[in-house]
Amino acid sequence: MINRLSALFLIIALVLIVRLYPFGELPNLHGANAFSLGFVILTGYLLGEILASIKLPKITGYLIGGMLIGPYLGGLITRASVADFQLIDQIALTLIALTAGGELRLEAIKKCWRGIVSITLSQTIWLFALGTISTWALITFTPWFGSYSNVAQWSVALIIGVIAIAQSPSTTIAIITETKSAGMCTDLALGVAVVKDVIVIVMYTCVLMTVGVMEQGMDAWEWIKLFALVKEIVFSILFGVLAGVCISYYLSRIRLDAILFLLAFCYLISIGAHSIQLDPLLVCVAAGIWVTNASSQGVELIETIEEGSLIIYVIFFCVAGASLNLGALAKMWPLALLLVSFRMIMVAFSTWFASRVSKLAIPSPRSYWMVFLPQAGVSLGLVALLHQDEFIWASDLKTVVIACIAINQILGPILMKYALVQSGEVGQHKRSRS
Amino acid sequence: MNVVLGFVILLLIGFSASRLTLFRERFSLGTQYLFLAGTEFLIIGLLAGPSVSNVLNHDALRQLSPVISLCLGWIGLLIGLQFDKKVIARIPLKVWMVGAIISIITFVVCYGFILISTPWFLHLFGIGFISNGIASQGRRVGISDLAFLLGCIAAVSTYSALALLKRDLDAKGDITKLLQLLTEIRSPIAVLAMGIWYCFNHPTSIGYVGILSGASSSVSDIGVFNPIATPIVHIMSGFEWLGLTLLLGYILGWLLHYLTNHRLGNNEMLLLLAGAVIFSGGLSSYLRLSPLFVNMIMGITLVNLPNFARSRITSRMLETEKPFFVIFMILVGAMWPPITPTVLLLTMVYCVARLGGFWLGSWIAVDWLLEPKQRTKGRLGWAMLPQGGVALAMVVDFALIHPGAIGETAIGVVILAVLIQQLIGPYLLTSVLKSYGDVKPRPNDVDKNGSSTNSRQSVEEPVL
């Protein structure tokens, strides 16, 4: 630990010297980006290792590392650099989604499909209903939303209600990979995260249209948007299956430099999926599911990605940490803290309810619900769709959601790891595979 | 449309990879070498780049700039890691001297020939030349700088053609050994020369302001190369920049040693190597120093430190060398500017000058220093003609430090020259080795076309 701490200080000292010493104007965006990314990787890794030595998840270290050196706190890397990491970040995300799909073995899911369905349904209904009502009750007393009309307050509550359902598949798979977990709880956590990802996207579109109707009348309801969404989901899955066929063909017949092929595939998905109205995450998850379940190359796929998984996670979560607008957290932390606490209670309740209804034999019922807490990019992506010119409360809503996600990003992985440790599934991955 | 084209390119990668795997042994020596040298990836990069399909567009290239730093740093570190003082001490002084003489003479011939003949040729054909913009109080980065760069790059060769002959034609003997040593020791000399040149021609030292000339083409619009026209004040001298470069390489070498000097998994080792290389490459680029040179110093420091985990670090680097090399070739291919008359003319001048420089250099060095049985004189130099990753890395390095039309022209020249030399290099090498008995033709193994059918080994040849 002392070794890592001293290495961390040395790196930070080097960066400070370079940033503060008057070498003259050296405007070199290329150098600044590479320099910042190298700094992000080393700092994130070292902080992850330091936190791991006190039994905390490594990804929390990566996130904190990103926050500390990011433009909103330490200022050692600039906003422009963080924005330029978007492409590398997207490629990392698609690789994580491919892993998530690859880890979803239908054989294992068949054993717990009742659990996945009941937990997903229970969480979707309860979190949306209770989340909306409790958010409405809370925000009417806050200085930020109290002055808005009743309709606007309900609109905000409905949107936060949908976002409360969201769970981060990327954080879930990162914790599962880090802890090498395998078992029922793990399969449930991953299965529910992936299914909820699709549900939340559909629900969010419906809620956004409902909000439009509430604020602007029936003209705002556009069936075409809903059809476009359904089309996007169906085509993403179909395209994912096609991509899965290509990947399994490559891995079985050609094999040469598989990691390069996967990187090229993820790059093209990252840049191209949106332009042909496909969801990159869904495409990659579907491709991963196909390779694992419809071909014999599933293990090869996971092992190929795992060769570079650490660097993918470090970059992805460090950049996520650096991109987090901590100013939003500073502004709205009391409301965000309350909303996060309510969400935790609702997740615990809905998970308990589902397990009672479907009679699930969960190994650690008291802590199990914590595996559903992580939230990250999907929620941020959803609120980013709101426009100030359309809804006057959009900016305040974005701030509060970002603040909630900042808290969830720190707490979620820690609590999820704790729940997996309690369930006794940590370290079981290799054993179950063999 | 671009996305569709992107998927076609992806399929092309798969197809070329499968062809390479299944039928490589059936190709002629030259074609095999084109595959080995990663030429197909240069072409894929060109197809994916802004000049053709724009799948790797300007924004993407800017956002992938850390990957370029990583590749440059990786190449620099690998060159540096060869400089273990125990290994270096075993190389005879004569070989060092031969290497140095060949390098220096090739450099001088290329530098002089390009410097003198190019303006004359350009004038003769009525082609205007371009410079990197005019400094307010400094000097123009122009043809002499380009000549210096091309001279240094001319002195570099790649080992991969020799590796191919060793594998396929069972090349062995004194000349083969000598060529291998000469190829390995000459790259660091060229990187060192350019590294020092960058310190004494630092953008801040020469008052260079990176304003693009009007003759810029697509590559100069790429963010990576896009200089920001901000006046720069003179702060440090060339010696100070050199001191800083050496200090950075030394500190970063120690840092990497410190980070990797305990039990680590493969994944962690890769992360730390990549992180440290991107960090040092980016830091050097940020300070407008050479990432290749800084990382080479880092590698030299690392390899000569006590308790250096040679086997773990070097083997991990060599395991992952191929993917990085392929990505680098694709990105360089994407930066490939359109072939202009200037580029074409300069490429011809460069190739002819290099051929002459090698001939003269090896004639003098071998005649003066080597044993009679090794007196292959001028033709020995021609055996070292093939160029590859290091030459491309050096030109990209230049284009990042001194962005603009000169860097762009240099990229065009070096890519084209590398391709030409990849075509003729292996044949000249084979003929030299055959004439000195290091390659013995075996009628059963080699067919009429010169394609070999004997080996089906899956050896990973060094790609640099």
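Tutor: Happy to! A helix here is a DSSP run of H or I with at least four residues, and a strand is a run of E with at least two, both numbered from the N terminus. Counted that way, chain A of this predicted model holds 18 helices and zero strands.

The C-alpha trace of chain A spans about 55 × 55 × 45 Å along its principal axes. Its radius of gyration is 22 Å, which agrees with the value near 22 Å for a compact globule of 434 residues. Buried residues account for 55% of those 434. If we take contacts between residues at least 6 apart in sequence, 82% of them join residues at least 24 apart.

Now for the close look, at the pair α10 and α12 of chain A. Helix α10 covers residues 223-254 and helix α12 covers residues 280-294; their axes come within 7 Å and cross at roughly 45°. An angle from 65 to 115 degrees would count as roughly perpendicular and one under 35 as roughly parallel, so α10(A) and α12(A) are oblique to each other. The crossing of α10(A) past α12(A) is right-handed.

Which residues form this contact? On the α10(A) side they are Ile233(A), Ser236(A), Ile237(A), Phe239(A), Gly240(A), Val241(A), Ala243(A), Gly244(A), Val245(A), Ile247(A) and Ser248(A). Facing them from α12(A) are Leu282(A), Val283(A), Cys284(A), Val285(A), Ala286(A), Ala287(A), Trp290(A), Val291(A) and Ala294(A). Sorted by class, the contact of α10(A) with α12(A) has 16 nonpolar residues, four polar ones and no charged ones. Glycine counts as polar in this scheme, so Gly240(A) and Gly244(A), both in the α10(A) part of the contact, fall in that class.

Most residues other than glycine have a negative phi. Lys55(A), however, has a positive phi near 70°. Lys55(A) sits in the loop between α2 (29-52) and α3 (58-69), and with 10 other C-beta atoms within 10 Å it is exposed. Lys180(A) also has a positive phi, near 50°, and belongs to the loop between α8 (169-179) and α9 (184-216). Lys180(A) has 17 C-beta neighbours inside 10 Å, so it counts as partly exposed.

Technical notes. Residues are numbered from 1 along each chain as its sequence is written. Chains are lettered from A and ligands numbered from 1 in the order in which they are written. This is a predicted model: local features need pLDDT of at least 70, side-chain atom pairs count only at pLDDT 80 or more; totals for chains, interfaces and linings use all residues. The radius of gyration is taken over C-alpha atoms; the globule rule is 2.2 Å times the number of residues to the power 0.38. A residue is buried if 20 or more other C-beta atoms lie within 10 Å of its own, exposed if 12 or fewer, and partly exposed in between; C-beta atoms are placed from the backbone. Two residues are in contact if their C-beta atoms, placed from the backbone, lie within 7 Å. Axes are lines fitted to C-alpha atoms, for helices over the stretch in contact, and angles run from 0 to 180 degrees between N-to-C directions. Angles under 35 degrees count as roughly parallel, over 145 as roughly antiparallel, 65 to 115 as roughly perpendicular and the rest as oblique. A crossing is left-handed if the near helix is turned anticlockwise from the far one by less than a right angle, and right-handed if clockwise.
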